[in-house]
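Here is a short briefing to read alongside the structure.

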Amino acid sequence: MKPVARAWGAWVKLWSTREQAFGWAVFRIGIGLCLLYSMLSILSAGLVDFLWVDVEYGGYRVTDPLEILLIDLGPARPTIVNGIFAVTLAGAICVVLGAGGRVATFVTLQGYLCLTRINFETVGSDDALLTNALWLLFLCDATGTLSVRCRRRTGRWTSEAQVGAWGRYLGVFQLVIVYTFAGLNKTNTQWVPWGKLDGLYRVWMDPVWLRFDMNWVPYVYPLTQVGSAVTWIFETFSWVILWVLYLRHTRDRPGVMRAVFNRWDLRKVFLVVGASLHLGIFATMDVGPFSLVSLTFYVCLFQPNEVASAFGRIGRLVSRRRLATTPIEAPTQ
């Protein structure tokens, strides 16, 4: 029973780990901004009533009844829909600012779930990612630092507060689930390396989602084939990052592979490839905030001190550029 006891002890220790809350707070801010982007894009286009109000009251189709916490609010009338939208929008602002704690996060979650579930034609994968992220932020509170709550409690915007690392672990697992099933869904001749590899070409030739005319794509067809292969490989084998994170988490143990992946940080390769794919999607296709939400989950790949260090480097780079562009005044006589 000793091996079982050791395994159970390691499992409990893994999920009991606590860490600085900085990285989790950055994740909270990113998710809140993505939620604001999603809602404000609909509001600015004047589509709130059109998409979510029942056809009987001015919408374009029959919608499901409004429901919050198993409470049936009845048909999707304009007053109720706009009220829920306003509350959810205010909640998204609270999530960004770190105000209201778990209560604000939960209200925002329920409001967004209510809106996006009444019309199945308006639900996208980005909505599922956003609501799953809000569940994680509710269960593993992310307002310990970089928040209004922190400011009110300590008088400063940052603190040394800690949070359970399990929220970040589940964030990585969510990202891997999305990629793995997306890759498996692409297992056909359009995407696999031994096939025709015309998947990306077909996507960019479909005008439904494109932001602009891409009639130049046929001239770079071989590059689209490379992109198709890289996309399939990256998504299908994204689960490898879980193994890499485990090896880095147990860096004190012996093993050749553990030593290799602790010296060669595969997370950076994962980040570069994934960011390139998502930024390419965001630049060329109008598919909502999916790419932005997915990239926000990348914060979970890194330790809080690594996230803080990255922001520090960015801040120092910006400061140096400001100094370099500041004109030097001539001395007065």
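Axes here are lines fitted to C-alpha atoms, for helices over the stretch in contact, and angles between their N-to-C directions run from 0 to 180 degrees. Two packed helices are described by the angle between their axes and the distance between the axes. Please keep in mind that this is a predicted model.

**The α5 and α6 pair**
- Helix α5 covers residues 101–117 and helix α6 covers residues 125–139; the two pack at an angle of about 160 degrees, and their axes lie 9 Å apart.
- Because angles over 145 degrees count as roughly antiparallel, α5 is roughly antiparallel to α6.
- The α5 and α6 helices cross in a left-handed sense.

**Who makes the contact**
- From α5, the contributors are Arg102, Thr105, Phe106, Thr108, Leu109, Gln110, Tyr112, Leu113, Thr116 and Arg117.
- From α6, they are Asp127, Leu130, Thr131, Leu134, Trp135, Leu137, Phe138 and Leu139.
- Sorted by class, the contact of α5 with α6 holds 10 nonpolar, five polar and three charged residues.

**The protein as a whole**
- You will find 15 helices and four strands in its secondary structure.
- The C-alpha trace spans about 85 × 65 × 60 Å along its principal axes.
- Of the 333 residues in the protein, 41% are buried.
- Among contacts with a separation of 6 or more, 69% join residues 24 or more positions apart.
- The protein exposes about 18700 Å², with 67% of that area supplied by carbon and sulfur atoms.

Terms used: Residues are numbered from 1 along each chain as its sequence is written. This is a predicted model: local features need pLDDT of at least 70, side-chain atom pairs count only at pLDDT 80 or more; totals for chains, interfaces and linings use all residues. Side-chain values use heavy atoms; hydrogens and water are left out. Angles under 35 degrees count as roughly parallel, over 145 as roughly antiparallel, 65 to 115 as roughly perpendicular and the rest as oblique. A crossing is left-handed if the near helix is turned anticlockwise from the far one by less than a right angle, and right-handed if clockwise. Contact means heavy atoms within 4.5 Å. Ala, Val, Leu, Ile, Met, Phe, Trp, Tyr, Cys and Pro count as nonpolar, Asp, Glu, Lys and Arg as charged, and the others, Gly among them, as polar. Buried means under 20% relative accessible area, exposed over 50%, partly exposed in between (1.4 Å probe, protein chains only). Accessible areas come from the Shrake-Rupley method with a 1.4 Å probe; for residues, only the protein chains shown count as cover.
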